[in-house]
Amino acid sequence: MKTIIHAGAGTVAMILIAGFLTATLISELLLDATAILAVKKAILAGLCLLIPALAMSGGSGFSLARGRLSPAIERKRRRMKIIAANGLLILLPLAVLLYLRATAGLFDILFYGMQTLEVLAGSVQLALLARNFRDGRKMTRGKRLAAAKTLNAI
Ligand code: HEM
């Protein structure tokens with residue numbers, strides 16, 4: 001059950017970040033200021049789901065990994081620390097600042113500088129989550145295979 005909650009929360013986080021990135025790129029490259037502002041507002045609202053999803057996935061992950069040692073777990077731990085720092089110290093402040101600037105109609109060089117940084121940091125976040133997802137699937141598959149072998153040997 002804990003594994004399902006863990007993987008489910010991680011999947012929700014990945015879908016949200018991929019959605020934020022897609023909506024950002026479409027609105028800024030193809031649409032107008034009203035659409036950009038709507039996306040900035042939606043991202044702020046989406047953060048109310050993204051932050052708990054990341055906390056749930058990270059918290060359950062650390063709990064699943066308690067007392068276990070493996071290179072994959074170490075990689076996931078390390079990535080999770082970067083994910084948390086990137087999210088709280090870079091992506092969250094940028095989402096608020098970009099929203100405030102879009103509300104004020106300030107689509108200037110600072111806005112686009114911060115926007116570029118947000119897209120880069122968001123892409124890194126998505127890549128780290130995807131790697132944690134892939135390592136998690138490998139670990140669970142390995143465990144299932146070992147269990148099946150034990151059963152066959154009996
Ligand atoms: C938010 C980032 C993370 C994502 C997206 C993620 C994703 C996943 C996925 C998809 C699985 C496989 C579940 C299944 O096949 O049913 C999994 C398993 C696992 N994850 Fe994560 N994970 C994340 C963070 C972490 C962290 C930080 C740790 C702790 C270091 C961790 C530890 C584990 C463990 C131990 C398992 C194996 C559970 C088992 O089969 O016994 N995960 N994870």
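**The ligand, its iron atom and the surrounding helices**

In this predicted model, an N or O atom in the side chain of T140 lies 3.1 Å from an oxygen atom of the ligand, a polar contact being a pair of N or O atoms within 3.5 Å (within protein, one must be able to donate a hydrogen and the other to accept it, and residues adjacent in sequence count only if both atoms are side-chain atoms).

Residues are numbered from 1 along each chain as its sequence is written.

Helices here are DSSP runs (H or I, at least four residues), numbered from the N terminus.

At the metal, the iron atom of the ligand has H6 (NE2) and K76 (NZ) as its protein donors, 1.9 to 2.0 Å away. Donors are N, O and S atoms within 2.8 Å of the metal (3.2 Å for Na, K and Ca), and water is not among the atoms, so sites may look incomplete. This pair links distant parts of the chain, as H6 belongs to helix α1 (residues 2-30) and K76 to helix α3 (residues 71-103), 70 residues apart. Six donor atoms with angles of 82 to 179° among them make the iron site octahedral, a label for six donors whose opposite members are over 155 degrees apart, with all other angles between 65 and 115. Both H6 and K76 are buried, that is, under 20% relative accessible area (1.4 Å probe, protein chains only).

Two other helix residues complete the account. Q115, in helix α4, is buried, with a relative accessible area of 4%, and its side chain makes a polar contact with that of E118 at 2.9 Å. G87, placed in helix α3, is buried as well, at 17% relative accessible area. From G87 to R137 the separation is 50 residues in sequence and 23 Å in space, C-alpha to C-alpha.

Key. This is a predicted model: local features need pLDDT of at least 70, side-chain atom pairs count only at pLDDT 80 or more; totals for chains, interfaces and linings use all residues. Side-chain values use heavy atoms; hydrogens and water are left out. Four donors count as tetrahedral if all angles lie between 85 and 135 degrees; four count as square planar and six as octahedral if opposite donors are over 155 degrees apart and all others between 65 and 115; anything else is irregular. Buried means under 20% relative accessible area, exposed over 50%, partly exposed in between (1.4 Å probe, protein chains only).
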